[in-house]
Amino acid sequence: MEESRRMSRGDAPRSYAPDSRSKPEPHDAVPGEKGIGKSFLLATILIAAAVFFTGGQLPEGDAAQIVNSRVSTSVAAGEQLFAEENTAGLEAKDFVVESPADEAGEATMLIWDFNAEDGDQIEILVNGKSVYPVLTLTNQPAAISVPVPSVVTVKGLKDAGGGISYAVKLPQSGLAYFNAVSVQGVNTYTINLKN
């Protein structure tokens, strides 16, 4: 539909045919700034190399800022934000989360250690029933199917040092939540249906 409107206004999409009589003129990325394309390519390569050699971790200041905001749309499930145990000053917090549900009325909850793996353990309860009696947090997210609506409780079992910190993400909502829980302490996530 869009293509036909464009064509009817005479705005045919540009194309280059190798046997065309008029070849496109070379152009600068920014008029009057020669070499900017090479500079951009070099910068991209340097950034990619930095990400590769640092294990894809964010700089410590950026990671702390993301964690302190408590909720993020930019963090991928399983992303390790700190190379060493760092709770970034987190205190236990309960969250109310809105999430769409699938056809079965469920959502997926991912939970992982956003710090260096140190063996922290938690229990996960859904609507008061234990679904993971002992879950050792790792950088590999554990996936839990939860009904929507429901209340998910994360209970601290074992702190291997530096506090029990973790992240939760509901991919359907696109949000990651950062939290901390003490041994025998609990956090709750009240999951409501997003319309």
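Student: How do you know that E1 and strand E9 pair with each other?

Tutor: Count the bridges: E1 and strand E9 (residues 175-181) are joined by 2 bridges, in the antiparallel sense. Pairing takes at least two bridges, so E1 and E9 qualify.

Student: What is the order of the strands in the open sheet of 5 strands?

Tutor: The order reads E1-E9-E8-E3-E6, and the pairing is antiparallel.

Student: What makes strand E1 and strand E6 the edge strands?

Tutor: Strand E1 (71-72) and strand E6 (142-147) each pair on one side only.

Student: In which sense do E2 and strand E10 run, parallel or antiparallel?

Tutor: Parallel: E2 is tied to strand E10 (residues 186-193) by 5 bridges. Since pairing needs at least two bridges, E2 and E10 count as a pair. Among the facing residues, valine 97 sits opposite isoleucine 191 in E10.

Student: Which residues of E2 are on its covered face, and which on the uncovered one?

Tutor: Phe95, Val97 and Ser99 make up the covered face, while Val96 and Glu98 make up the uncovered one.

Student: Which residues does isoleucine 191 contact, leaving aside its neighbours within four places in sequence?

Tutor: Its contacts include Val97, Ser99, Met109, Val146 and Val148, and also Pro149, Ser150, Val152 and Leu170. Isoleucine 191 is also one of the residues that touch the most other members of the largest nonpolar core, together with Ile111, Ile122, Val152, Tyr166 and Tyr189. That core has 24 residues.

Student: Which strands supply at least two residues each to this core?

Tutor: They are E2, strand E3 (106-112), strand E4 (121-126), E6, strand E7 (150-158), strand E8 (164-170), E9 and E10. E8 gives the largest share, 4 residues. There is also a second, separate core of 11 residues, with Ile66, Leu90, Ala176 and Ala180 among them.

Student: Why is asparagine 127 put in the class it has?

Tutor: Asparagine 127 has a relative accessibility of 46%. Buried is under 20% and exposed is over 50%, so 46% falls in between and makes asparagine 127 partly exposed. It is found in the loop between E4 and strand E5 (129-136).

Student: And why does glutamine 184 get its class?

Tutor: Glutamine 184 comes to 52%. Exposed means over 50%, so glutamine 184 counts as exposed. Its place is the loop between E9 and E10.

Student: What is there to notice in the phi of asparagine 127 and of glutamine 184?

Tutor: Most residues other than glycine have a negative phi. Asparagine 127, which is not a glycine, has a positive phi of about 50°, and glutamine 184 has a positive phi near 70°.

Student: How do you know whether the peptide bond from valine 148 to proline 149 is cis or trans?

Tutor: Look at omega: it is near 5°, and the bond is cis. Most peptide bonds are trans. Proline 149 lies in the loop between E6 and E7.

Student: How confident is the predictor, in mean pLDDT?

Tutor: The mean pLDDT is 75, and 65% of the residues reach 70 or more. Over residues 1-36 the pLDDT is below 50, and the stretch 46-61 is also below 50. Where pLDDT is low, the predicted coordinates should not be read in detail.

Methods:
Residues are numbered from 1 along each chain as its sequence is written. This is a predicted model: local features need pLDDT of at least 70, side-chain atom pairs count only at pLDDT 80 or more; totals for chains, interfaces and linings use all residues. Side-chain values use heavy atoms; hydrogens and water are left out. Buried means under 20% relative accessible area, exposed over 50%, partly exposed in between (1.4 Å probe, protein chains only). A nonpolar core is a set of buried Ala, Val, Leu, Ile, Met, Phe, Trp, Tyr and Cys residues joined through side-chain atoms within 4.5 Å. Contact means heavy atoms within 4.5 Å. pLDDT is the predictor's confidence in each residue, from 0 to 100.
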